[in-house]
Amino acid sequence: MALHFQSLNELEVLCNHLYIGTDLSQRIQAEKVLLELIDSPDCLSKCQLLLEQGTTSYSQLLAATCLSKLVSRVTPLPIEQRIDIRNYILNYIASQPKLAPFVIQALVQVIAKITKLGWFEVQKDEFVFRDIIADVKKFLQGTVDHCVIGVIILSELTQEMNLVDYSRPSAKHRKIATSFRDTSLKDILVLACSLLKEVLAKPLNLQNEVQQNLVMQVLKLVLNCLNFDFIGSSADESADDLCTVQIPTTWRTIFLESETLDLFFDLYHALPPLLSQLGLAEPGNYHEFCRFLARLKTNYQLGELIMVKEYPEVIRLIANFTITSLQHWEFAPNSVHYLLTLWQRMVASVPFVKSTEPHLLDTYAPEITKAYITSRLESVSIVIRDGLEDPLDDTATVFQQLEQLCTVSRCEYEKTCALLVQLFDQSAQNYQKLIQSSARRSIDIAVQEGRLAWLVYLVGTVVGGRLTYTSTDEHDAMDGELSCRVFQLISLLDSRLPRCCNEKIELAILWFLDQFRKTYVGDQLQRTSKVYARMSEVLGITDDNHVLETFMTKIVTNLKYWGRCDSVIARTLQFLNDLSVGYILLKKLVKIEAVKFMLQNHTSEHFPFLGVSEGYNLGDLRCRTTFYTALTRLLMVDLGEDEDEFENFMLPLTVSFETVAQMFNNNFKQEETKRMLIGLARDLRGIAFALNTKTSYTMLFDWIYSAYLPILQKAIERWYQEPACTTPILKLMAELMQNRSQRLNFDVSSPNGILLFREASKMICTYGNQILSLGSLSKDRIYPMKLKGISICYSALKSALCGNYVSFGVFKLYGDNHFDNVLQAFVKMLLSVSHSDLLQYRKLSQSYYPLLECLTQDHMSFITNLEPQVLMYFLTSISEGLTALDTIVSSSCCTSLDYIVTYLFKHIAKEGKKSLRCREVSQDGQRLLHFMQQNPDVLQQMMSVLMNIIIFEDCRNQWSVSRPLLGLILLNEKYFSELRENLINSQPIGKREVLAQCFRSLMEGVEQNLLIKNRDRFTQNLSVFRRDMAEALRSDGNIEAGSLDMMS
């Protein structure tokens, strides 16, 4: 549909397709035309047409959406045009206050974006976009409708100022947000509070929807003001510990005035239930109230709380509220987390309370525990009867709640233990009767199994609570009493395999075993623990050696009989993996018969999950890595230099590889071969991960190098389009390249290091060339199909470059091109990735930037010989990475930049000496110097970024930032002087001398060299400079800390 033919009617039809249409193809077409409309020269006139003559709200919404995208462009519209758009929208909504709420919201967003992005723009010595509060006050003097719009504008503006746009430099966002905070936010909060006082002074008719909306919008505005990220910490809203409002010092008086807090309590009482949405019966209100209660302990010590006169009554009410909440387990389950957090922290604080006043937790904590236990058991029959969602299916929430409950349950532990013993015995007896009865109903068995699953989880929880609370011998004996019952249940259930099995009980048992392991099995435990007294009487388990035998028997049983159940196998293998960490435990484990059996029989015949039949998902094979890591740790205990034992252990994998080799040579079944290879790659990665000595690693290298690495190379070449196949093989190669614990430091007569690197080089080159042949990929396919593989290749290459087991100079000396090839493949893959993708995908950025650090440290001749456009790509990626939120990325960028700057500085210093010896070195340096002279803004831009981070941001890696900054200053002294003068001159006259002194102190005692002693002096100066600058810029509430836009 050509744009110049679009009449108003055509545009309105498009709007309907876009917002309320049900035909997907029409909606896609409408979106395409919308994008064309935004890029067309007459976009503004079309928007005006839709706003003024559109007959539906969707026409106005489309206009607002187009305007929003237009004003958010990286290349902004002319300042006059943005002023006109803002004024037009303000007049438009003032003249039509009855617009649909979503239209008003969309138009107000446009105003907020224009204001934020133009915050520092000046016209005729005035900040033209900052008079928004004056404009809003005109709305507040109008009708109630106008007043609502005025409040929405302020609310949206506050929210927009707080919103981080990751497509723009974070330093720029912080400067705008800081300036807004210092110049306007306090006034907005005071204005909002005064509006609320008016509400209380002359009650509005809250049955009137418009007036009700006004109160809601003002409250939302206050909340947005308090939610503002005052210090640039970007705290995650879900991390409640961090959600302390860091209000500026200048606001102190507002919060210390008692009338401010009274205002909100008075409002809470004055507003009718209609406005507070039925009180705590509404899930949103209930959730916030639970969060509010949790904050009591976050902000006050238990010792402080119990000194308050009303404490006994308050703690009683909170306990009753918690018990009622737990009993209604199906209502707002996510909110229970906050209530349990409160009780967990209160109980954990009991040992530290010195006050003589009673804390009463010994009265209420057991009631809370009892309410949780009984409510969960009662939920089982209701869930099964009514077909509801089972809370046990959400294991993340269950584990979180149980970890909180474990502390609470140890308070007055005798009561909790007695309750659990009674309930467990009752359920176990009922279950035994049912399975022995011929007239049993499956629903009755399901109920008892559900109750037993909860009880096993709860026993594991209270046993694990021993680590979080003061314990006695009596408590240990009670743990033994409870544990006996679970071990007996394990015997009963395992005797019924494989005929009858229940996944939920099995997962609960594994939780219990893990909690028991953490608490009672380990190096630090006294062998005389009372936990074994009762267990030795009933089960013959006298110490942790017997417990380990029980653990391993259980693991082998699960691996034999639960091969088709991913969740049980994954949790069992994780448990095995946790057991295999720690030398003393390993020494005990290898003596157990079940372990010897696993080491000699790790085949699919004994452990079905190792099979590769088509019934298995490719994703199911992931757990094999965990299995072989644990198994190899057990093998390593007594392996020493016994190559025969290693060969025997590898025999099942040898047979599999030989089978794959034969399949490759004949007409083979692709799917079966692929599955075998994926399984083998995952197995070998687990083995390689656990081999941390030179001797054992050499055995693996000798086994895999000549016979089986070529097969993996073929697989990469053949199935490069299938990440399910390439990812495990590339990850195996990356693991083999890791010189962990110096395991790759082969003997001086061995070429193994170079041979291994050549194989890695071949694989990376093969993969890189093939993956680039795929062409452009859609956004949802680019990471799994391409970027994930590239990131693993980069990790492998980085491990090789900094592993210190290959002398890379040898390759050039003997005309071997493997090193050059892999570097070229690295460059080709890199150039196919956009800068935004480099930073957007965390795994990619965390492999690319450390690799770049290695290259700039040891291979600057490669960097300097790059084509100018490639070198520019490298430097741009460093510049953008400097402001990354990920500290690994930003620190790597600083280090890479430091190596480049140091190399350049040394070259210029040598140029001055002109000795014959450094002529060859000079050629590389000369190329880099020539490039920098052609593009002086590259290093200047990076200096601006680093100065921004130091002065205006919450700099989390100050030492890393300081290292390249000195070199940049010494190379660009003139530009540094300009930056300094611009910043100083942008501040009020009274501050300029203080700032000038800060800059003088920064360079005091710093010489014109990059020796370590000089760098350390600069780093110390920078630390003082940052502190002094922050104080100087903060000293006046009306500063313009960001009026110098260093990012430009």
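**View 1. The surroundings of Phe-627 in the predicted model.** Setting aside neighbours within four places in sequence, Phe-627 is in contact (heavy atoms within 4.5 Å) with Leu-559, Leu-573, Leu-576, Met-598, His-602, Phe-607, Phe-609 and Leu-610. Together with Phe-516 and Phe-826, Phe-627 is among the residues with the most contacts inside the largest nonpolar core, a set of 271 residues. Such a core joins buried Ala, Val, Leu, Ile, Met, Phe, Trp, Tyr and Cys residues through side-chain atoms within 4.5 Å; buried means under 20% relative accessible area, exposed over 50%, and partly exposed in between (1.4 Å probe, protein chains only). A second, separate core holds 83 residues, including Leu-50, Tyr-92, Phe-120 and Phe-228.

As this is a predicted model, local features need pLDDT of at least 70 and side-chain atom pairs count only at pLDDT 80 or more, while totals for chains, interfaces and linings use all residues. Numbering runs from 1 along each chain as its sequence is written, and side-chain values use heavy atoms, with hydrogens and water left out.

**View 2. Helices α21 and α22 side by side.** Helices here are DSSP runs (H or I, at least four residues), numbered from the N terminus. α21 (residues 473-495) and α22 (residues 503-520) pack at about 145°, and their axes are 11 Å apart; axes are lines fitted to C-alpha atoms over the stretch in contact, and angles run from 0 to 180 degrees between N-to-C directions. From α21, the residues that meet α22 include Val-486, Phe-487 and Leu-493, and their partners in α22 include Ile-509, Phe-512 and Phe-516.

**View 3. Helix α4 and its neighbours.** α4 (residues 57-71) reaches 21 Å from its first C-alpha to its last, close to the 21 Å expected at 1.5 Å a residue, where the expected span is 1.5 Å times one less than the number of residues. Eleven of its 15 residues are buried, among them Leu-61, Leu-62, Cys-66 and Leu-67. The buried residues of α4 pack against α1 (8-19), α2 (24-39), α3 (43-53), α5 (79-95) and α6 (101-117).

View 4. Most residues other than glycine have a negative phi.

Definitions and conventions. Helix = DSSP H or I, 4+ residues; strand = E, 2+ residues; numbered from the N terminus.
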